[in-house]
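Please look at the sequence and the structure shown here before reading on. The report that follows walks through a few local features.

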Amino acid sequence: MAQKPKVDPHVGRLGYLQALVTEFQETESQDAKEQVLANLANFAYDPSNYQYLRQLQVLDLFLDSLSEENETLVEFAIGGLCNLCSDRANKEHILQTGGIPLIINCLSSPNEETVLSAVTTIMYLSSPGSGSHPELTAVPVVQCMLRFSLSANARLRNLAQIFLEDFCSPSQVAEARSWGAHSALGIPLPRTEAPQEP
């Protein structure tokens, strides 16, 4: 029985990241996939890794993982994209490869961290006052942010309010409010943890 090769600590950053990508692609274990994706999302936080992550097509791996049924994989994938998209090259890749609809779909996740990362990612992908990617401020997205701005979760409420103020025109917000009365969008608010009784 062949032993799985251990990652040599001297292979360098690129080699280590390559080993993680290979493990993600080859493993059958959901737990291992989750752990590897969490590691890749953490590496995406460091700008010195951006070039390697682009070279290894990790952005595409994250985008592909947004369609998984496993909510934990989706959470780590959107977290990784959120970490990467402040970089111009990464942002352009996400925009050019059709990532916007996948990210917008994350707004309807029952997982609060997924929704927070999705809102933040949409903000990074948007340019204040510019209409270069109108789907980022389309009526359903603005309606969703209006709902989030009423959330009991302060982080979600604050992010939604910033989005509405900095990335949407008053007319977009007014249009979304007027559509709200006869829209069947129905994106639920994410579940929040119930406060613990003392």
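Which residue lies over the face of Phe 24? Lys 33 does, at 4.2 Å from the ring centre, where a charge is said to sit over a ring if NZ of Lys or CZ of Arg is within 6 Å of the ring centre and within 35 degrees of the ring normal.

This is a predicted model, in which local features need pLDDT of at least 70 and side-chain atom pairs count only at pLDDT 80 or more, while totals for chains, interfaces and linings use all residues. Residues are numbered from 1 along each chain as its sequence is written, and side-chain values use heavy atoms, with hydrogens and water left out.

A search of the whole structure finds 2 aromatic pairs. One of them joins Phe 163 and Phe 167, which is stacked because the ring centres are 5.7 Å apart and the planes stand at 25 degrees; rings of Phe, Tyr and Trp (its six-membered ring) pair if their centres lie within 6.5 Å, and planes under 30 degrees apart count as stacked, over 60 as edge-to-face and the rest as tilted.

The table lists buried residues (buried means under 20% relative accessible area, exposed over 50%, partly exposed in between, with a 1.4 Å probe and protein chains only).

| Residue | Relative accessible area |
|---|---|
| Asn 49 | 1% |
| Cys 144 | 0% |
| Cys 168 | 9% |
| Phe 163 | 0% |
| Phe 167 | 14% |

Leaving aside neighbours within four places in sequence, Asn 49 is in contact (heavy atoms within 4.5 Å) with Arg 13, Leu 17 and Phe 43.
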